[in-house]
2 protein chains.
Amino acid sequence: MNKTNLYKGSLATIILKLLNEYDKMYGYEIAQKVREITKGDLKLTEGALYPLLHKLKVQGLLDVEVVKIGGRVRKYYKLTEAGTKETVNKLAELERYIKNMRALVNPRSRDS
Amino acid sequence: MNKTNLYKGSLATIILKLLNEYDKMYGYEIAQKVREITKGDLKLTEGALYPLLHKLKVQGLLDVEVVKIGGRVRKYYKLTEAGTKETVNKLAELERYIKNMRALVNPRSRDS
DNA sequence: TCTGATGCATAAAAAACTTATGTATATTTA
DNA sequence: TAAATATACATAAGTTTTTTATGCATCAGA
């Protein structure tokens, strides 16, 4: 669906950081926010999103709160303490990744 | 092996760009160059490297030249014309990815 | 002479994601 | 008011990509 596969491996980083910023969000909301921020470039599909949220919860990085809105269910996720720590790690990893990729594709940046 | 999985999906971009810069390289040399530039952060393992080189060749992005060095074989790869075009695309994709990731993880960068 | 580096390769397994499908409620539009 | 679209969750099958594990062979240095 997305034209590039560069996002593979970065979905957890995105989710953790958004939860870090917005305190609590539900799955559908996260997907919308990602589309909005990337202006449609990245579509976080349900097939990737929901299993990943479940996985992060199992890993103890997220807590869930189920809320009924009318006849519909929403599951709000928020960071645990471990989740907050992991967010810091993930962001550092991302910066390192970007730096390394810049060095790889931009020869001029190698001497920095 | 690598601590982060952010590199997933960016190996082709790396290989194409290095071949674009160095004109021709063989597999082992590419792996060494990547380790050197990233100061050991990224280890392009053989299991990922060689099948990918084969795939890029099948896709018509690379040409191969087999050279005997003493009793040992080296396979030099270089970009085809299509490969050069694809390199441009991949680099544009990478810039877009980085921009989007920055917008996602750095709220302040969203208004730019 | 043996260890590590050079240089290629592939196969099995795991990981991550896509695609497809399913269920159900709420809202908008023709 | 019926139909289409949006909201909101979920999972299963399949694909792609990468990891891990082997394997083979040459060459250089201690």
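Guide: Start with the pair: chain B superposes on chain A by a rotation of 180° with 0.0 Å of shift along its axis, at an RMSD of 0.1 Å. This is a predicted model.

Visitor: What kind of axis is that?
Guide: The relation is that of a two-fold axis.

Visitor: Which C-alpha of chain B is nearest the axis?
Guide: That of Lys8(B), which is 2.9 Å from the axis.

Visitor: And how many of chain B's contact residues recur in chain A?
Guide: 100% of them, and the same surface serves both copies.

Visitor: How many residues does the contact take from each chain?
Guide: It takes 28 residues from chain A and 28 residues from chain B. On the chain B side, α1 (11-22), α2 (27-37) and α4 (81-105) each supply at least two residues.

Visitor: Which of its residues are buried?
Guide: The buried residues of α4(B) include Gly83(B), Glu86(B), Lys90(B), Leu94(B), Tyr97(B) and Met101(B).

Visitor: What do those buried residues pack against?
Guide: Elements of both chains. In chain A, the buried residues of α4(B) pack against α1 (11-22), α2 and α4 (81-105). In chain B, they pack against α1, β2 (62-69) and β3 (72-79).

Visitor: New topic. What is chain A made of?
Guide: Chain A has 4 helices and 3 strands. Along the sequence they follow the pattern α-β-α-α-β-β-α.

Visitor: What are its dimensions?
Guide: The C-alpha trace of chain A spans about 60 × 30 × 20 Å along its principal axes. The chain has 112 residues, and 29% of them are buried.

Visitor: How are the strands arranged?
Guide: They make an open sheet of 3 strands in chain A, in the order β1-β3-β2, with antiparallel pairing. β1 and β2 of chain A are at the edges with a single partner strand each, so one side of each has no neighbour in the sheet. From one strand to the next, the twist averages 30°.

Visitor: How many bridges hold each pair?
Guide: Strand β1 (residues 24-26) of chain A is joined to β3 (residues 72-79) of chain A by 3 bridges. Strand β2 (residues 62-69) of chain A pairs with β3(A) over 8 bridges.

Visitor: Which residues face each other, for example?
Guide: Lys24(A) stands opposite Lys78(A) in β3(A). Leu62(A) has Leu79(A) in β3(A) as its bridge partner.

Visitor: What sits between β2(A) and β3(A)?
Guide: The two strands form a hairpin with 2 residues between them. Gly70(A), in the turn, has a positive phi of about 65°.

Visitor: Where does α1(A) lie relative to the strands?
Guide: α1(A) lies across β1 and β3 of chain A, and runs at about 90° to β3(A). In α1(A), the buried residues include Ile14(A), Ile15(A), Leu16(A) and Leu18(A).

Visitor: What do the buried residues of α1(A) pack against?
Guide: In chain A, they pack against β1, α2, α3 (46-58), β3 and α4; from chain B, α4 joins in.

Visitor: What comes just after α1(A)?
Guide: Asp23(A), which takes a positive phi of about 70°.

Visitor: Last one, Glu29(A). Which helix is it in?
Guide: Glu29(A) lies in helix α2 (residues 27-37) of chain A.

Visitor: Why is Glu29(A) classed as partly exposed?
Guide: Glu29(A) has 15 other C-beta atoms within 10 Å. A residue counts as buried at 20 or more and exposed at 12 or fewer, so a residue in between is partly exposed.

Key:
Residues numbered from 1 in each chain as written. Chains lettered and ligands numbered in written order. Predicted model: local features only at pLDDT ≥ 70, side-chain atom pairs only at ≥ 80, totals over all residues. Contact = placed C-beta atoms within 7 Å. Pairing = 2+ DSSP bridges. Least-squares fit on C-alpha atoms with pLDDT ≥ 70 in both. Axes fitted to C-alpha atoms, helices over the stretch in contact; angles between N-to-C directions.
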